[in-house]
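Open the model in a viewer and keep the sequence panel at hand.

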Amino acid sequence: MEPPSSRLLLLLLAALLLLLITRSTIHLFSPASAGNRRVDLLDCTRFSFWCSAKHRPSSSSTSPSSDSRGRGHSNAVPIHPLDPLTVREMNLARSLLLAQPPFSNAPSAVAFHSLSLAEPDKSAIEAWSNGGPFPSRRAAAVARFEGKPYGFEFDLDSGAVTALPVPASGYPTMNIDDMISSTVAPLGDAAFNRTVVARGVKLADLACLPLSLGWYGSAEEGRRLVKVQCYTAEGTANFYMRPIEGLTVLVDIDTKEVVEISDRGRDIPIPKAEGTDYRRGFEVEGGDGGHVVRWAGWEMHVRADARAGVVISQAKVRDPETGEWRGVLHRGFVSELFVPYMDPTEAWYFKTYMDAGEYGFGLQAMSLVPLNDCPRNAYYMDGVFAAADGRPFVRENMVCIYESYAGDIAWRHSESPITGLPIREARPKVTLVIRMAASVANYDYIIDWIFQTDGLIRAQVGLSGILMVRGTQYSHLNQFPADDDSYGTILSENVVGVIHDHFITFHLDLDIDGTNNSFVRVDLERQDTGRKESPRTSYLKATRRVARTEKEAQIKLSLYQPAEFHVINPSRTTRVGNPVGYKVVPAGTAASLLDPDDPPQRRGAFTNNQIWVTQFNKTEEWAGGLFVYQSKGDDTLAEWSERDRPIENRDIVLWYTMGFHHIPCQEDFPVMPTVSASFDLKPVNFFERNPILSAPPHFAKDLPVCTAAEQE
């Protein structure tokens, strides 16, 4: 039997030691006693535009490093009924459990699988929030002893212990000890060590994971089992990219016995380490001229447009591997908005608006309000349009551009102590936002084009403003006759908010590494297996279908016919042979339910599908037609697509329609909160690896420090 390497043992010992000494470095304020204190959400201790002025202290304050509040967990007390258990409370709960028979006879043999807050009843929380007493603190625990699971609840104020029922089948969540010991167990098996070495992997470079095995029949019942699969960390911390394919070890978690070794991948090479490490690169460049924006590996042209609002052109992304500027989006803009109201009566039936073609989406764009529509760090761009007499006028501050960081995570990964690798890596999600807001009478539309450092482009639409309502003779719901259709919701006395839809169609001229592209539908379809092949009876298979003509690219989205929708350049592939491309990731997918022959729907036939792809034609920009006002619907995207022109390996345009059904509610009265939805243009095999690796992490000097502050 070959012993595990000394390096691996040292790593495992270090991991175990880390478990004993590691303490959280994120603290909440811990007062001396809970009482009825509250915690304010935010208090800025450094003057910075990232924090709102209302939270800035009036006098200088100490930095968090010199503030001792909450620095030690040992003295922490809960200040909210839903606060997690403190160290003191967890120790108390543990003592209460170990004092119970049969655990008191052999406390070292007890294995804890969970110990957490047992939340108080909602009524107790509500009473506390209204000035009542702090609810009693309770803890819940699941433990195993001599192979049997137990459940308990503890009243931490009185010390009362209540036994809880446990399921008749299944096992508790694995704890860290289970995971570590299971991954070490294969190293005690000579056959396992031999097969690893035979594949050219050093035992010292092994990184193994404990994988839960699910349930596939009675053969695996009666004992706790785990499947262990291994990788090589030679040359990279990202060992997940270097699997030892086909090698699976079945381990008994309790006895550490290697039950079975499956080795079916000896002919599969281990992927190389080059280009896989993620440990450790943002640079913001100034605009080149009045409308060219460069930011963090992106370059695009931005302009205001009287009809479309804002147009994004020539969006390119810099390849982090080669430094090459690569084309993504030649031009993108809102082509049309269709807003039909669902009241067929004389005063309402015609309210089926085409906001871009009838009113001019850009003409309705108002000046943005600094600090409210856009943050302090925004750069503003004006719109210059022609008045009725042909003279130019300026819409000041029509577009704002700013870098945004909201505390979101672009990517992260931390290694569990079971791997022996002390790695904690994360990248902040920092984005560039290009925003405009159009006030088309009562409704306000907020259009954001959002660019991410991982190559993704997000188009987001926010609906806000004020409802269009109709008057009614009724002041209460119970006054409406049973057969009376109100066409909406009564919002206040004599006010009904009428049901309506919003459809926003985007024109997306994607030029992925050049003008000649193809549209590919990738369908996910269930495949059935025979029992002799696998314990599984089914799996999903991706099938690629290239659309040859425009009709083949008319897409109605369906939850039960899942698919991805790619625009690829068939003439350019990645190192491993995949065609480079971007995919549209749908969202905001409400579909029109109107009769196709209803006159408004004939005009708005471009909403009959959520996705269309057409051959590029310079005259085909506006989904509702060039002339929309009082049009009959004979010059729309739907008509163009019926020509069924070839689109394979051609210059093509993808059209995407977002949809919202709006049934008004009282919270929409008298003004509406903003409701948003978005869709993504996401790289798919466009890069050789994840470009987020070129973005650096944040450090303490990069951001202000905003901490919680006590409020009486």
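In which strand does Tyr443 lie? Select residues 443-452: this is strand β18, and Tyr443 lies in it. Helices (H or I, at least four residues) and strands (E, at least two) are DSSP runs, numbered from the N terminus.

The model is predicted: local features need pLDDT of at least 70, side-chain atom pairs count only at pLDDT 80 or more, and totals for chains, interfaces and linings use all residues. Residues are numbered from 1 along each chain as its sequence is written, and side-chain values use heavy atoms, with hydrogens and water left out.

Stay on Tyr443, which is buried at 3% relative accessibility (buried means under 20% relative accessible area, exposed over 50%, partly exposed in between; 1.4 Å probe, protein chains only). Beyond four places in sequence, its contacts (heavy atoms within 4.5 Å) include His500, His502 and His662.

Asp355 lies in helix α6 (residues 355-359) and is buried, at 4% relative accessible area.

Now select Trp449, Phe451 and Phe519. Within the largest nonpolar core, of 75 residues, these three touch the most other members. A nonpolar core is a set of buried Ala, Val, Leu, Ile, Met, Phe, Trp, Tyr and Cys residues joined through side-chain atoms within 4.5 Å. Strand β17 (residues 424-440) gives the most to this core, with 6 residues. Another core lies apart from it, with 18 residues, among them Val228 and Ile253.
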